[in-house]
Amino acid sequence: MRDQTRVQRLIGALELTYDATNWLNIINRTGVDTYTDRRSTVYPIGAGQSPTGQIGQSTIQETQINNDLIARATHDFSENLGALYWWGLI
């Protein structure tokens, strides 16, 4: 029996930040993870799993895309007291 697999994979990410005001910050993060897995299997004639022999091929593909949009607001009430609020859309 002979198994062979070839995987091609791409993983990438991009982040953009925009300071709308001195107290409001907007962040957008986008990422992608994609792969293609090509598999082949050969059973020779007389193999236990397949006495007459067998050749098989399969392709598995998967793609995941993620995007996060986040807004952060900050406020300083005094020198020793501040607040941070964030809102995210995932």
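1. Buried denotes under 20% relative accessible area, exposed over 50%, and partly exposed in between (1.4 Å probe, protein chains only). By this scale Glu15, at 45%, is partly exposed.

2. The model is predicted: local features need pLDDT of at least 70, side-chain atom pairs count only at pLDDT 80 or more, and totals for chains, interfaces and linings use all residues. Residues are numbered from 1 along each chain as its sequence is written, and side-chain values use heavy atoms, with hydrogens and water left out.

3. Strands are DSSP runs (E, at least two residues), numbered from the N terminus; two of them pair if DSSP finds at least two bridges between them. Strand β2 (residues 24-43) pairs in the antiparallel sense with β1 (residues 2-19) over 18 bridges, and a hairpin of four residues joins β1 to β2. β2 also pairs with β3 (residues 54-76), again antiparallel, over 20 bridges.

4. Thr36 lies in β2 and is the bridge partner of Gln8. Thr36 is buried, at 13% relative accessible area.

5. There are three salt bridges, defined as a side-chain nitrogen of Lys or Arg within 4 Å of a carboxyl oxygen of Asp or Glu. Arg9 and Asp33 form one, with the closest N and O atoms 2.9 Å apart; Arg9 is in β1 and Asp33 in β2, 24 residues apart. Arg9 is exposed at 53%, whereas Asp33 is partly exposed at 22%.

6. Arg29 and Glu15 form another salt bridge, at 2.8 Å. Arg29 lies in β2 and Glu15 in β1, so this pair ties together parts 14 residues apart in sequence.
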